[in-house]
Amino acid sequence: MRKFLVITFLAGALTSVGQTAETNQKNTLGYFDHLDLSVTLGTSGIGFDVATPIGNYVQLRAGYEFMPQIHFPVDFPIEVGGEPAEKYDANGNRVESRFDRLAKTLKELTGYNVDNHVEMIGKPTMNNFKLLVDVFPFKTNKHWHFTAGFYLGPSQFARADNAIDAMTSLLAVGMYNHIYDRVENAYYTGDAILDITIGGQKFSPELNPMQEQTILNNGRMGFQLGQYKEDMYSPEGLLIHKKGDAYVVEPGEDNQVHVYAKSSAFKPYLGFGYGGRLCKNRDDWKVSFDAGLLFWGAPDLYTHDGTNLTKDIENIKGKVGDYVDFIRGLKVYPSISVRFTKTIF
């Protein structure tokens, strides 16, 4: 009995010593022995992350970032039949353009005035979850780190919508193009131009010949952004646009104009950073600076009618063209950020 008690005591002591040694080894290696909470601010947005060590030289970090609603204006000039709304002679004097003539007709037909441009308001919509691994390669210097991981979020990272002030002009343009379709149909078929049915009764208001001829001569109204790079076909295989044809944006079914910027939803990240104490005598407050690249694929700009401005259209002029060229060349997204960190435990 005495031998049994001695053996039991020794076994328990050895087990306790082994568990204590294992615990001390884990603490020495730094597995999950503290948790950091950070606020981040940078080119990929503002957000937060949490971090914990998974060894003496590696840190696991996860968080979320979103881009604040910053607005920037872009003007879409209205053109008619490929001719700018404002036309000048050789001496620089303003002369009547197709747009001017159509604007007068449009006022007679709809009662609305139409501006010669539409203001678009662009805004970023980027937001991402991130999972990153920081590696501290220098044993005697834990200030520097290298980072790898990924960001994951919606593929749309920005959009542009027409300004509220432009809605009247867009409504007038949409109404005019509808009238143009009816006039053109009447020209080829001989049907009534504007059949309106009210209470079972059909009415056919008539346009005078001068109005009809003005509409037919000048064509549809919209925003010419450039030319098609190549022949475009419908899903049924029908040729709908030839290479070099003008690409003209018209208001959608909601009588508005929208442009969407999209990239890959999954974005690998590679970068580096430097950090240290935020306060001289406080180890629980830190600040770090990070720089890296998000590999988000070749981004695209789509209009509301599904046209890819970055791939299908060329020779886009003005600020719109500058934005398209910028997005087209942005194969990777630069991420520069500052991170303020508080150690929770």
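Author: Helices are DSSP runs of H or I with at least four residues, strands are runs of E with at least two, and each kind is numbered from the N terminus. By that rule, asparagine 315 falls in the loop between strand S23 (313–314) and helix H6 (318–329). The model is predicted, so local features need pLDDT of at least 70 and side-chain atom pairs pLDDT 80 or more, while totals for chains, interfaces and linings use all residues. Residues are numbered from 1 along each chain as its sequence is written, and side-chain values use heavy atoms, without hydrogens or water.

Reader: What is the phi of asparagine 315 near?

Author: Most residues other than glycine have a negative phi. Asparagine 315 has a positive one, near 60°. Asparagine 255 also has a positive phi near 60°, and that residue sits in the loop between S18 and strand S19 (258–262).

Reader: Is asparagine 315 buried, partly exposed or exposed?

Author: Buried means under 20% relative accessible area, exposed over 50%, and partly exposed in between, with a 1.4 Å probe and protein chains only. Asparagine 315 has 48% relative accessibility, so it counts as partly exposed. Asparagine 255 is partly exposed as well, at 26%.

Reader: How many salt bridges does the structure hold?

Author: Side chains of opposite charge can pair when their charged atoms come close. A salt bridge is counted when a side-chain nitrogen of Lys or Arg is within 4 Å of a carboxyl oxygen of Asp or Glu. The structure holds 15 of them. One of these joins glutamate 96 to lysine 104, at 3.2 Å from N to O. Glutamate 96 is partly exposed at 40%, and lysine 104 is exposed at 52%.

Reader: Which residue forms a salt bridge with arginine 159?

Author: Arginine 159 pairs with aspartate 161, and their closest N and O atoms are 2.8 Å apart. The arginine is partly exposed, with a relative accessible area of 24%, whereas aspartate 161 is buried at 11%.

Reader: Which side chain meets that of aspartate 284 in a salt bridge?

Author: The partner of aspartate 284 is lysine 342, at 3.2 Å from N to O. Aspartate 284 lies in strand S21 (residues 282–294) and lysine 342 in strand S24 (residues 333–343), so this bridge ties together parts 58 residues apart in sequence. Aspartate 284 is buried, at 19%, and lysine 342 is partly exposed, at 25%.

Reader: Which residues are linked in a network of salt bridges?

Author: The network links Asp49, Arg61, Glu65, Lys130 and Asp134. Among them, aspartate 134 belongs to strand S10 (residues 127–135). With 0% relative accessibility, aspartate 134 counts as buried.

Reader: Which side chain does a polar contact of 2.8 Å join to that of aspartate 134?

Author: A polar contact is a pair of N or O atoms within 3.5 Å; within protein, one must be able to donate a hydrogen and the other to accept it, and residues adjacent in sequence count only if both atoms are side-chain atoms. The 2.8 Å contact joins aspartate 134 to the side chain of glutamine 59. Another polar contact, of 2.9 Å, runs from the side chain of aspartate 134 to that of arginine 61.

Reader: Which residues gather in a patch of negative charge?

Author: Patches take residues with over 30% relative accessible area and no salt bridge, joining like charges within 9 Å and nonpolar side chains (Val, Leu, Ile, Met, Phe, Trp, Tyr) within 5 Å. Areas come from the Shrake-Rupley method with a 1.4 Å probe, and for residues only the protein chains shown count as cover. Asp and Glu count as negative, Lys and Arg as positive, and His and chain ends are not counted. The place of a charge is NZ of Lys, CZ of Arg, CG of Asp or CD of Glu. Here the negative surface patch gathers Asp75, Asp115, Glu119 and Asp165. Aspartate 115 is in the loop between helix H2 (98–110) and strand S9 (117–124), and is partly exposed at 40%.

Reader: Which element gives the largest share of the nonpolar patch?

Author: The patch covers about 1,100 Å², and its residues include Leu37, Phe48, Tyr64 and Phe345. Strands S1 (36–42), S2 (45–53) and S3 (58–66) are the elements that give two or more residues to this patch. S2 gives the largest share, three residues. Phenylalanine 48 lies in S2 and is partly exposed, at 42%.
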